Amino acid sequence: MYRAPEVADVFLRWEIGPKVDVFALGCVLFAALTGRHPFPMDSALANIQARYEVPEEVPRSYSPAVAQWLRRTLLREPGDRPG
């Protein structure tokens, strides 16, 4: 599931725009860095709430800037994601 919270839960009534793609890119980056998806298919609520855990090996294996950018792309609020 690569859907941003604003797409997964229309009751949030957040604008759906380019930040949806930033969130999806964050999901792809997470999967590329960790080998797993940040939001398992059996956890739609985790996706809507944007709850995930970056494995410990990511900050140790990649530069801090990569880990920080990953976290920013997966922020729940669209306005908080990079533009």
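Start by selecting H37, which sits in the loop between helix 2 and helix 3 (44–49). Helices here are DSSP runs of H or I with at least four residues, strands are E runs of at least two, and both are numbered from the N terminus. Is H37 buried or exposed? H37 counts as buried because its relative accessibility is 18%; buried means under 20% relative accessible area, exposed means over 50%, and partly exposed lies in between, using a 1.4 Å probe and protein chains only.

Now show what surrounds H37. Leaving aside residues up to four places away in sequence, H37 touches M1, Y2, C27 and F30, where a contact means heavy atoms within 4.5 Å.

A quick word on what you're looking at: this is a predicted model, in which local features need pLDDT of at least 70, side-chain atom pairs count only at pLDDT 80 or more, and totals for chains, interfaces and linings use all residues. Residues are numbered from 1 along each chain as its sequence is written, and side-chain values use heavy atoms, with hydrogens and water left out.

Next, color helix 2 (residues 19–34) and helix 5 (residues 64–73). Two packed helices are described by the angle between their axes and the distance between the axes. Here the angle is about 135 degrees and the axes are 8 Å apart. Axes are lines fitted to C-alpha atoms, for helices over the stretch in contact, and angles run from 0 to 180 degrees between N-to-C directions. So helix 2 is oblique to helix 5: under 35 degrees would be roughly parallel, over 145 roughly antiparallel, 65 to 115 roughly perpendicular, and the rest is oblique.

Which residues make the contact? Pick V22, F23, L25, G26, L29, F30 and L33 on helix 2, then V66, W69, L70 and T73 on helix 5. They divide into nine nonpolar, two polar and no charged.

Stay on helix 5 and click P64. P64 is exposed, with a relative accessible area of 66%. Select Y52 too: P64 and Y52 are twelve residues apart in sequence, and their C-alpha atoms are 18 Å apart in space.

Finally, zoom out. The protein has five helices and zero strands, and the C-alpha trace spans about 40 × 30 × 15 Å along its principal axes. Of the 83 residues, 36% count as buried. Among contacts between residues at least 6 apart in sequence, 56% join residues at least 24 apart.

Note on methods
Ala, Val, Leu, Ile, Met, Phe, Trp, Tyr, Cys and Pro count as nonpolar, Asp, Glu, Lys and Arg as charged, and the others, Gly among them, as polar.
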